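Let's take a walk through this structure together. Have the sequence and the coordinates open, and follow along.

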Amino acid sequence: MKKFVHESWLVVVMGGAFAALLATTQSATIDRIRENERQELNTAIAEVVPGVDAAKPPEKLSVAEHDVYRCLDAQGKVVGWAVDATGAGFIDKIRLVVGLSPDGRTITGVKAIWHLETPGLGNKIETKGTENFYPLQYTGKSTQRAMELVKRPAAEPHEIQAITGATYSSQYVMDIVNAVIARVVPELPAEQG
Amino acid sequence: MPEEMSHFQQFKSGIVENNPVLVQLLGMCPTLAITNSLENALVMGAAATFVVVMSNLITSLLRKLIQPHVRILIFTLTIATFVTIADMALKAHLYQVSKQLGAFVPLIIVNCIIICRAEVVALKSGVVRSLVDAFGIGIGFTLALSILGVIREILGSGSLTLPGGTKLVELPAGFEPHAWIIMILPPGAFLTLGVVVGVVNYLRQRKPKEVAA
């Protein structure tokens with residue numbers, strides 16, 4: 001017994017001390033980390049829902065198991081919805097914010113806020129300003145029918161051109177958007193906006 | 001670790017003669033995975049330096065108390081604690097970079113450079129020597145990652161951006177569409193590392209001959 005204590009007391013003491021140290025760091029940083037995450041979501045919402053007032057925090061609802069934000073403008077009028085949607089990606093999951101018009105009939109924007117898609121190819125699902133054409137194609141699309149991926153410039157209103165014919169990421173993003181169209185859009189609360 | 005080394009030699013050894021990446025070829029996982037840009041390389045280097053400094057400090061302070069057969073347990077405990085602290089600090093203060101580094105910050109825990117310094121130096125040396133060694137190794141690691149980061153970012157993205165967003169180098173606009181995407185993909189890491197290690201070995205082999213002549 002004495003031998004056990006002699007050989008292990010340091011590990012036990014260090015375990016306790018380090019746990020206290022981690023708890024202190026955690027409580028010192030957690031607010032800031034949460035704030036960063038909130039900021040990121042709000043920035044994405046502002047990008048996909050035009051006219052949203054940054055000073056009015058969007059109201060969070062749960063629609064068809066998705067977090068949906070009701071976005072207001074400065075006058076308190078509903079200017080659209082932002083859907084927080086996550087789905088499978090090529091390497092890791094992809095998290096999108098999908099903007100919808102107040103009546104839910106039009107997509108007002110798609111923005112990826114988390115993904116690990118291939119740099120130079122799949123990461124073109126991310127908009128940087130107006131650089132990448134892929135996510136921008138969703139803006140203005142009708143939610144009346146599911147999107148279809150094509151490997152040539154889109155001709156029909158429901159078509160989206162893939163990043164390259166062989167890039168899976170285009171399909172994964174589309175699957176997430178189509179899931180939002182199929183599941184969230186019909187369940188949106190009616191809005192006289 | 002020969003005890004006759006001066007503190008300065010110990011420090012320099014981590015950067016030049018015993019550079020963990022370019023000479024010892026340790027810590028290859030972050031080296032290959034996150035050197036697609038200079039910013040990632042610098043942040044990863046700084047995080048690893050913080051961890052190796054703290055781990056060497058603690059190990060060296062406790063070296064007389066550590067029982068030989070539980071030493072690995074103590075190293076891992078120490079390293080894991082400070083990696084978690086570094087990870088939380090990055091998430092709080094450098095959120096975008098920490099997203100790009102993803103799992104590779106927590107993976108510093110299994111970076112063999114750090115456990116190697118604890119075992120080889122900190123367990124047998126005083127606090128000052130252990131700290132000097134940790135800073136040397138940390139800077140050597142950061143330097144090696146930065147060399148790879150600079151090469152890969154310029155060739156793969158056509159530009160070089162400092163942390164904070166200042167563009168340091170920008171290749172002519174005509175280059176960008178033809179940037180070698182492969183350089184920021186995993187194969188580019190192997191190609192660049194191979195070339196850089198080759199150059200380092202060439203320089204190391206040349207040196208003694210010059211001394212002899």
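Helices (H or I, at least four residues) and strands (E, at least two) are DSSP runs here, numbered from the N terminus, and the expected span of a helix is 1.5 Å times one less than its number of residues. This is a predicted model, in which local features need pLDDT of at least 70 and side-chain atom pairs count only at pLDDT 80 or more, while totals for chains, interfaces and linings use all residues. Residues are numbered from 1 along each chain as its sequence is written, chains are lettered from A and ligands numbered from 1 in the order in which they are written, and side-chain values use heavy atoms, with hydrogens and water left out.

Let's begin with chain B. Its secondary structure amounts to 8 helices and 2 strands, and the order from the N terminus is α-α-α-α-α-α-α-β-β-α. One element to pick out is helix α7 of chain B, which covers residues 127-157. With 31 residues, α7(B) spans 43 Å between its first and last C-alpha, close to the expected 45 Å.

Contacts, meaning heavy atoms within 4.5 Å, tell us how the chain folds back on itself. Among the contacts in chain B with a separation of 6 or more, 77% join residues 24 or more positions apart.

Now turn to the place where the two chains meet. Chain B brings 26 residues to the contact and chain A brings 23. Buried area is the accessible area (1.4 Å probe) that two parts lose on being put together, summed over both. Between chain B and chain A it is about 2300 Å², with carbon and sulfur atoms giving 75%. On the chain B side, M88(B), Y95(B) and K99(B) lose the most area to chain A, together 24% of what that side buries.

Side chains of opposite charge can pair when their charged atoms come close. The rule for a salt bridge is a side-chain nitrogen of Lys or Arg within 4 Å of a carboxyl oxygen of Asp or Glu. Between chain B and chain A the count is 1 salt bridge, and E40(A) and K99(B) meet in a salt bridge at 2.5 Å, N to O. Polar contacts are pairs of N or O atoms within 3.5 Å; within protein, one must be able to donate a hydrogen and the other to accept it, and residues adjacent in sequence count only if both atoms are side-chain atoms. Across this interface, 8 residue pairs are in polar contact, both at pLDDT 80 or more.

Which elements of chain B supply this surface? Both α4 (71-93) and α5 (95-101) of chain B supply at least two residues each to the side that touches chain A, and α4(B) gives the most, with 12 residues. That side of chain B divides into 16 nonpolar, 8 polar and 2 charged residues, where Ala, Val, Leu, Ile, Met, Phe, Trp, Tyr, Cys and Pro count as nonpolar, Asp, Glu, Lys and Arg as charged, and the others, Gly among them, as polar.

Over all chains, the salt bridges number 14. One of them joins E47(A) and K111(A), with the closest N and O atoms 3.6 Å apart. E47(A) sits in helix α1 (residues 2-48) of chain A and K111(A) in strand β5 (residues 107-114) of chain A, so this pair ties together parts 64 residues apart in sequence. E47(A) is partly exposed at 46% relative accessibility, whereas K111(A) is buried at 14%. Another salt bridge links D84(A) and R95(A) at 2.7 Å, N to O. D84(A) belongs to strand β3 (residues 78-87) and R95(A) to strand β4 (residues 94-100), both of chain A, so the pair ties together parts 11 residues apart in sequence.

Finally, visit T108(A), which lies in strand β5 of chain A and is buried, with a relative accessible area of 18%. The side chain of T108(A) reaches the backbone oxygen of V48(A) at 2.6 Å, and a polar atom of that side chain lies 3.4 Å from the backbone nitrogen of L100(A). Beyond its neighbours within four places in sequence, T108(A) has contacts including V49(A), P50(A) and T139(A).

Note on methods
Buried < 20%, exposed > 50% of the residue type's maximum accessible area, 1.4 Å probe, protein only.
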